[in-house]
Amino acid sequence: MSFGKLEIKFADGATTVVELTKSQMMLGRSADADIPINDNQVSRHHALFLCGPEGVRLVDPGSANGTFLSGARLPARQEVPLPDGAQLRVGQTMIKFVAAKVAEEEKVTTAIKTRATAPAPPSPPEPKPEPKAEETAAKHDETSIRQRPPTFAPPPSPPSEAAPAPEPERPIGPPVGMPLDQSSYLKYLPSFFSANEFLGRLLLIFEQILTPLDRQIDTLHDYFDPRMAPPDFLPWLASWLGLVLDERWPEGQRRELIRSAVELYEWRGTKRGVSEFLRLYTGFTPEIAEPGVDGKNAKADQAHRFIVRIKTAEPDKINRELLMSIIDLEKPAHAGYTLEVVSDK
């Protein structure tokens, strides 16, 4: 699924187009970036694109030179929705965002133009008039006398299919952004070492080994941000807050749960705590009624019980078992409840 595309124009005039096909795509100078940018003014992890059904949002994780939208610098670590046609600048690289619907319309328009300009198929030849029966019989008698029995040559043998040539092996090169002729570590040594070509090539060995480690250390703070941490790191990050993530939750809701964990702990066991936890999972704010408290004529069996009502357009798609596990975790230990999932139509 494509959430849109980025039309990228580099400082040297070269252009490329990148499709946004994943829920999270990192742009930067790092070798592991989803959208690599070879620009010295771009950080290793410069910007993060968050893609979903609601659209595409952009997060600047705190890059050194900043990310600019229509000339204005974006605030660090804040999600900013991208409108169709948004003009971005990172370093000396210009980027134009094209929304998914617009990109599909361009493909359809191009296909229509291609069909319109394609040459029309040739018209079939007109049938020749059939000869009269008398002329056909005379020609047949004359041909049968003169014509010898035909001889048929054997059909030509089919051409042998050549085996496909093996693809050449791709050479394993150094990490992106690393020099090829001499090591950049020379600038940390006294100046007279710069004239030693052998030393420059020797230090390249150590730089090629240490550069990926330096980049990981440079982006270590991303591992502690629930919005940018790798998916495999989320359970460990949640364990720091005493959370046990349910794998049945979508990845986006699990990230939001970790972000809101501290606040949820403050309201655990209250009406607000149950409501906020259910909102994080379903996206809808539930209705919570307490007949034993709100009702004027409350009965004795309604004491310490409450009703949770969730209204949604598609009740069958709601996982009731998962909702009940959330309520059991957040409700007061002595209280009972009734869960109702109804249609909002």
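**Notebook: rings and a helix pair**

I began with Arg89, which lies over the face of Phe68, 4.3 Å from the ring centre. A charge sits over a ring if NZ of Lys or CZ of Arg is within 6 Å of the ring centre and within 35 degrees of the ring normal.

I noted the ground rules. This is a predicted model, where local features need pLDDT of at least 70 and side-chain atom pairs count only at pLDDT 80 or more, while totals for chains, interfaces and linings use all residues. Residues are numbered from 1 along each chain as its sequence is written, and side-chain values use heavy atoms, with hydrogens and water left out.

Next, aromatic pairs. I found eight in the structure. Rings of Phe, Tyr and Trp (its six-membered ring) pair if their centres lie within 6.5 Å; planes under 30 degrees apart are stacked, over 60 edge-to-face, the rest tilted. Phe233 and Trp236 are edge-to-face, at 4.9 Å centre to centre and 85° between the planes. Trp236 and Trp240 are also edge-to-face. Their values are 5.0 Å and 75°. Ring pairs link Tyr223, Phe224, Phe233, Trp236 and Trp240 into a cluster.

Buried or exposed? I checked Phe233. Phe233 is buried, at 14% relative accessible area. (Buried is under 20%, exposed over 50%, partly exposed in between, with a 1.4 Å probe and protein chains only.) Trp236 is partly exposed at 48%, and Trp240 is partly exposed at 47%.

Last, I looked at two helices. The axes of H5 (residues 251-259) and H7 (residues 271-282) come within 9 Å and cross at roughly 150°. Helices are DSSP runs (H or I, at least four residues), numbered from the N terminus. Axes are lines fitted to C-alpha atoms over the stretch in contact, with angles from 0 to 180 degrees between N-to-C directions. Contact means heavy atoms within 4.5 Å. Gln253, Glu256 and Leu257 of H5 meet Phe277, Leu280 and Tyr281 of H7.
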